[in-house]
Amino acid sequence: MSKLSNTIELKNNTRKWFFTKAIIILLLFLCLVPVSAISKKDRDSLLKLPLFKNEKLLEFELKTNLSSLLNDISEDRKYHKSELQLIENDKQIGDRIDVEVMTRGNFRRRKQNCDFPPLRFKLPVERMVGTEFEGQSKLKYVSHCQSFEDGFEQNTIKEYLIYKMYNLIDEHSYRVRLSQISFIDSITNDTIRKFGFFLEDKNDVATRNGKIILQFKNMKQYNMLRKNIVMLSLFQLMIGNSDWNVERLHNIDIVSVDEQSIPIAIPFDFDWSGIINHTYFTLDPNIASDAKYKRLYKGYKWSDEELNAAFTDFNELKEAFLELISQCEYLNEENRHGLTDYILKFYELIGSKKDVKDVILKNAPKIPLAR
């Protein structure tokens, strides 16, 4: 009996070892297969989809119980049934498509900040074939925030342009599509027509770059791909945005080929930027009241070579930035001048060695020495 038990135990151990070995080999194989190769087909497909490939203003109607939707801002909020119909040349085109919409966001979801919060769309993929939304299943929408106060639509267009500017810096960036939606209340038939924009899904951003989203917090700026983070930190300075933090993943996503590869940071949510100057915007308390530039640099003390290379890149992009602003037909003249002046002030800063020292280098933390 004892020999039989030993034989059975030996067979069980052999079987366990076989399966363990098989799992280890499978995991090693999966680690060796590059993500970019796996996702190349998906990447190519995403690049062909019309929503973010087309620059034309996207116009459509969204019919829903607007009051019910806009007042559903609690933590346990839900999706609301809605009807979407595209518009082209002031004419309704295609059938009404059933979609679902819910409120989202943190700061802007609160009534005291915005009467019209940002939205999240859930789309039926099969019904979207042949439309501008083909291939899209879930999308974030950045709204106008306040429906009855002047300037908020213009501020939304400014934020849209900031995303477009960063697209010129790095392919690891969120694509956007400017939209004008007629929100129709299904109960009262009241209509609000406002500008806003759709934001690419973050998993699509990663996939089309052959990468995955990492959820690790406490990663440092100097752990990122160096050119990426140097340009990102200077871009945030250019637009006057200090509302970001790599370690806390605050308004930052991180992507990489895998968990062992050098990560890349992707910024989003620019509404707290000085260049936009929302009514709820306040200067960072670390900015002196008499500061020449009302901007706070939150990057590290990168090397002179890295900074100079970044300044060269920014100078090469200068005309493209200004052209984006000047050619935006939906921006009024006052805001066009305001954005242009704000950008030019940044170029004045990086063109002065003294200002670079005072604004960028003076208080920037040093990169720790490698141990």
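Tutor: Two strands pair if DSSP finds at least two bridges between them. Helices (H or I, at least four residues) and strands (E, at least two) are DSSP runs, numbered from the N terminus. This is a predicted model: local features need pLDDT of at least 70, side-chain atom pairs count only at pLDDT 80 or more, and totals for chains, interfaces and linings use all residues. Residues are numbered from 1 along each chain as its sequence is written, and side-chain values use heavy atoms, leaving out hydrogens and water.

Student: Which residue of S9 is the bridge partner of Leu214?

Tutor: That is Ile254. Strand S8 (residues 212–214) pairs with S9 in the antiparallel sense over three bridges. S9 is also joined to strand S10 (residues 264–267) by four bridges, again antiparallel, and there Ile252 has Pro267 as its bridge partner.

Student: Where do the side chains of S9 point?

Tutor: In a regular strand they alternate between the two faces of the sheet. Here Ile252, Ile254 and Ser256 point one way, Asp253 and Val255 the other. Five of the five residues of S9 (252–256) are buried, so the strand is largely enclosed by the rest of the structure. Buried means under 20% relative accessible area, exposed over 50%, partly exposed in between (1.4 Å probe, protein chains only).

Student: And which residues are buried in helix H10?

Tutor: An α-helix has 3.6 residues a turn, so residues three or four places apart point the same way. In H10 (residues 353–361), Asp355, Val356 and Ile360 are buried. Seen down the axis, the buried residues of H10 fall within an arc of 100° (taken from the directions from the helix axis to the C-beta atoms), so they line one face. Lys354 and Lys357 are exposed on the face turned away.
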